[in-house]
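Have a look at the protein below, and keep it in view while you read.

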Amino acid sequence: MTDSNIVWHPYQVTSHSRASQKGQVPVLLWFTGLSGSGKSTIANAVECHLFELGCHSYLLDGDNVRHGLCNDLGFSDQDRVENIRRVGEVGKLMVDAGLIVLSAFISPFRSDRQLVRGLFPTNQFIEVFIDTPLSVCEARDPKKLYQKARQGLISNFTGIDSDYETPSNPDIVVRTEGKSVDDCVAQVLDVLRTQGVIPTAT
């Protein structure tokens, strides 16, 4: 809870003016899905396309954030909640700065994702569900985390001994099974064009 003696200080340079300076529509793209679903790979590829278009963007990745901002947190349910809360607040500041922000986090709990959505005006938060079956994620297992979880070497691992709550009404559903990364990226970019975040393809 914020101390009543702490008052928000207004500034002359507004969120609108920062976005206008960059000539873009700032949003937060929230990629959620199981470990190994393809969140980071797809988010990275989307940002590469945004960069080529001259957009000002930044990618917040789950593992990378835990090296600094959230390096004091573990993987208990309570720590996962705090991890997402911090990332949501950082994302809010970066969107206020006029950036297109991409975040790639398992973010297993609906309530946490809804909390982050509530930080933003309508249409400024886009939930992207990377819908990949557990069996496919486990077969990929790029970091060998599922293998370690099955061996009991990792506890509280999402999909094994910790729940993943599927988004009830995501803005974009990307089903990766049988699709290339380019196909998945094209689906996300189409929505960004529809919402006026990036120019319509010519």
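This is a predicted model: local features need pLDDT of at least 70, side-chain atom pairs count only at pLDDT 80 or more; totals for chains, interfaces and linings use all residues.

Reader: In what order do the five strands of the open sheet stand?
Author: Strands (E, at least two residues) and helices (H or I, at least four) are DSSP runs, numbered from the N terminus. Two strands pair if DSSP finds at least two bridges between them. Here the pairing is parallel, and the order is β2-β3-β1-β4-β5.

Reader: Which strands stand at the edges of the sheet?
Author: An edge strand has a single partner strand, so one side of it is left without a neighbour in the sheet. The two strands in that position are β2 (57-61) and β5 (172-175).

Reader: By how much are neighbouring strands turned against each other on average?
Author: Axes are lines fitted to C-alpha atoms, for helices over the stretch in contact, and angles run from 0 to 180 degrees between N-to-C directions. For neighbouring strands of this sheet the direction is ignored, and the average turn is 20°.

Reader: Which residue of β3 is the bridge partner of Phe-31?
Author: Strand β1 (residues 28-32) and strand β3 (residues 100-104) pair in the parallel sense over four bridges. Leu-28 has Val-101 as its bridge partner in β3. For Phe-31, the partner in β3 is Ala-104.

Reader: How many residues of β3 are buried?
Author: Buried means under 20% relative accessible area, exposed over 50%, and partly exposed in between (1.4 Å probe, protein chains only). In a regular strand the side chains alternate between the two faces of the sheet. Ile-100, Leu-102 and Ala-104 are buried on one side of β3, with Val-101 and Ser-103 buried on the other. The count of buried residues in β3 is five of five.

Reader: Which residues does Val-188 contact, leaving aside its neighbours within four places in sequence?
Author: Contact means heavy atoms within 4.5 Å. By that rule, the partners of Val-188 beyond those neighbours are Leu-29, Phe-31, Val-46, Val-128, Ile-172 and Val-174.

Reader: Which way do α2 and α8 run to each other, and what is the handedness of their crossing?
Author: Their axes are 9 Å apart, and the packing angle is about 60°. A crossing is left-handed if the near helix is turned anticlockwise from the far one by less than a right angle, and right-handed if clockwise. The crossing of α2 and α8 is right-handed.

Reader: Is Ser-107 buried or exposed?
Author: Ser-107 lies in the loop between β3 and α5 (110-117). Its phi is positive, about 35°, although Ser-107 is not a glycine. At 3% relative accessibility, Ser-107 counts as buried.

Reader: How does Asn-156 count by its relative accessibility?
Author: Asn-156 sits in the loop between α7 (145-150) and β5. Its phi is near 55°, again a positive value in a residue other than glycine. Its relative accessibility is 31%, so Asn-156 counts as partly exposed.

Reader: How far apart in space are Gly-62 and Val-188?
Author: Gly-62 is placed in helix α3 (residues 62-65), and it is buried, with a relative accessible area of 14%. In sequence, Gly-62 and Val-188 are 126 residues apart. From C-alpha to C-alpha, their separation in space is 20 Å.

Definitions and conventions: Residues are numbered from 1 along each chain as its sequence is written. Side-chain values use heavy atoms; hydrogens and water are left out.
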